[in-house]
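Student: I have a two-chain model open on my screen and would like to talk it through. Could you help me read it?

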Amino acid sequence: MTDKSSYDAALLPDLLPIYYKKLFPYGPYFKWLNYGGVPKTYFSHREFSFTLKDDVYIRYQSFSDQQELEKEIQKRCPYKIDIGAIFSHKPKEHKTIKAASFQAQEKELVFDIDMTDYDDVRTCCSGADICDKCWPLMQIAIKIIDRALKEDFGFEHRLWVYSGRRGVHCWVCDENARKLSQNGRSAIAEYLSLVKGGDQQTKKVNLDSNSLHPFIRKSVEIVKERFDDYAVKKQDFMGNEERQKKQREFKISKHLTEEIMLQYSYPRLDVNVSKGVNHLLKSPFCIHPKTGKYFLMVSSGYPVVPY
Amino acid sequence: TDSNTDAELLRFDVTSHFILRLAYCKSEELKRWFLQQELDFFKFRFNNLTIDQKQEFLLANSLDYKPISDEEKSSILSDLMAAGGRNAATMDTQEFFKVPFTEVFDLIQRRRVFLSRGYAFVPRDDLVSIVITHYRTQLSHALAMTSRALPHLEEDNRLLPMLSGLSKRYLGEDYGTKKNNAGQVTADMIDMLSRQSFPLCMQQLHQACRRDHHLRHGGRQQYGLFLKGIGLSLEEAMKFWKTEFMKMMDGDKFDKNYSYNIRHNYGKEGKRADYTPYSCNKIIMSNAPGTGDNHGCPFRHTDVDLLAQKLRLANIGKDHVEKAISFVKGGHYQLACKSYFEATHPPLPDGEDISINHPNQYFDESRRVLSGEKKEGPRLSQPPRTPASKSTQPSQNTPQSQSSNPTQTQGAPSSQLSELGEMEDDDDLLASMDS
């Protein structure tokens, strides 16, 4: 585990300019977001937003090419960069356009898995903390979602990144993913959701039908591989009276074993992040201002520990 | 049947559809509602056709799908069965169609279809879903076009007045700030009012807020707008939220992260729309609570056993508890809420009845009953509700009138300054600002 005391947020104003001058990978970044220049306006119509020092937030930034992007980032030194949608017009010119004509048109399909959404089933940490006892949740989440995106939906270009603090993001960059409507994104996010319910629902996974959909079956298999190590050894999920009590409240049902395993380990997605075509999401290669951590890329399979 | 009557009926049908397009194209919420109704209606009509008529319809609309071969079917047979919940007996005769997943979003949403490598294997019975997806895209596009064309209609006397009345006609009360109760409720009255007159959903949120000194975004929206609807002014709302939240955070953090949201709900930021409090329909059907959330409808979103326990602890009497629970089991959440109302209030005056459609209505009825007022005249049952059309600014803005005011008079935190601009859907930004 990294030594947290070695990062001092006060140094950020001095370190960021160096990072943006020497380390930020403008070339590959532009190459990605340009998508081969098809169509030519793709990059210049992309919205970026910057969070500057003292939490000043500015939207509708756009750039005509890599050079302009580089220049502006180095000049502003944003603490955070978000990537938004590709619009019908250059975002930086949006005020000169009729509101009804300025539309978000395309964007990658994205997913956000946040560790705080697992607080009711984590025994080791809560909030923004992560340790090696609960990081497996992210590994399981990545494996399950990635398999589905690839094998069920046929998506080929999937980028998984660690957010720098408490979760992971996935960017699906296939052309048909970028062209999805809000309806489509919402449908995919729902398909991938199995854990539902607020604080008033103790049992959050309900597999009602007789047979298990192949997606559920395959996800359960992935959970089973890691369940003993994660839930039993690391989380000790039945380890005391209070934890056992929670499960005794679950009614008997045909797939109770699977339901319990899924409630403790299945990925919890924030559907709102995925469904909006214009939703802004933190860019890869940002430094997280609170942790100083690089927005690392993880490869799928069982990713390495980045925190 | 008489072919003249048929032609006449068809004409009415088509005309009414286009009238509704005009009336419901103006805002996102209206469009969404209309789209949903049209799709449900279409599905109903399509499913009533015979197999031949369905085939005819598909061909006429160039939706000519061919079923997969027997070999392909048998190679994925067990997955097809598991996905659709079918047994082996029906599988032999059932034809399956392989279509790109983008054609059947509603089947995907409900996970009712087998997916492989981007293709969905759709049984003949579910072909309607493909058609629906196409219809949705088409109608959605048409509504957007209509809405853009509307300002160009060179007349303002014949159609427009009628249209703007149309979408509001089935409304019932929407509890926007048009009500003249603003300022009637102050922050220090809320505890007492919550015990006496809040519906269970808002009591739950209030208790969670007092307990945790915090609420997540969904809860702040549902509860905050309700409070606005009962007459809590912006100033008092700030007082309420800030006092409570400051038990867990300092004032600066509150100002930075939450004050914008509150002012936004009161129409003082961004689009400056008058956001209306959520109706029961909205709370039950959309916006389901997730981990850590306390919003939603307790009758819909609470485990039945836990709900029964809560109701018993609320001392409302065994009969009322049983009544409420049996309504919940039957899916009649608003009737369950009504039982709760009946259990916690003196009996309604003779001849009166209420049906709960809106948390603010529950509150108003409660205040009325507790103060002994009688209603004038017999109570009519509510017509079906449609969403309120928001009083947004007209979609055509000159560049000057559209610019958001970057400078704020108080020492406002700089986090919300500069080009926040107009958002397509402010809710997205607000949700993402939830730290």
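This is a predicted model: local features need pLDDT of at least 70, side-chain atom pairs count only at pLDDT 80 or more; totals for chains, interfaces and linings use all residues.

Student: What is the area buried between chain B and chain A?
Tutor: Contact means heavy atoms within 4.5 Å, and here 54 residues of chain B meet 56 residues of chain A. Buried area is the accessible area (1.4 Å probe) that two parts lose on being put together, summed over both. Carbon and sulfur atoms give 48% of a total of about 4,600 Å².

Student: How many salt bridges are there between chain B and chain A?
Tutor: Side chains of opposite charge can pair when their charged atoms come close. The rule asks for a side-chain nitrogen of Lys or Arg within 4 Å of a carboxyl oxygen of Asp or Glu. Arg217(A) and Asp79(B) form a salt bridge, with their closest N and O atoms 3.2 Å apart. Between chain B and chain A, the count is three.

Student: Are H12(B) and H13(B) parallel or oblique to each other?
Tutor: Helices (H or I, at least four residues) and strands (E, at least two) are DSSP runs, numbered from the N terminus. Axes are lines fitted to C-alpha atoms, for helices over the stretch in contact, with angles from 0 to 180 degrees between N-to-C directions; those of H12 (residues 217–230) and H13 (residues 234–245) of chain B come within 11 Å and cross at roughly 140°. Angles under 35 degrees count as roughly parallel, over 145 as roughly antiparallel, 65 to 115 as roughly perpendicular and the rest as oblique. The two helices are therefore oblique.

Student: Which residues of H13(B) make the contact with H12(B)?
Tutor: From H12(B) come Arg220(B), Tyr223(B), Gly224(B) and Leu227(B). Their partners on H13(B) are Phe240(B), Trp241(B) and Phe245(B).

Student: Which residue forms a salt bridge with Arg46(A)?
Tutor: Arg46(A) is in strand S1 (residues 46–51) of chain A, and its partner, 62 residues apart, is in the loop between S4 (104–106) and S5 (109–114). The closest N and O atoms are 2.8 Å apart, and the partner is Glu108(A).

Student: Is the peptide bond from Val38(A) to Pro39(A) cis or trans?
Tutor: Pro39(A) is in the loop between H2 (26–34) and S1 of chain A. With omega near -5°, the bond is cis.

How values were computed: Residues are numbered from 1 along each chain as its sequence is written. Chains are lettered from A and ligands numbered from 1 in the order in which they are written. Side-chain values use heavy atoms; hydrogens and water are left out.
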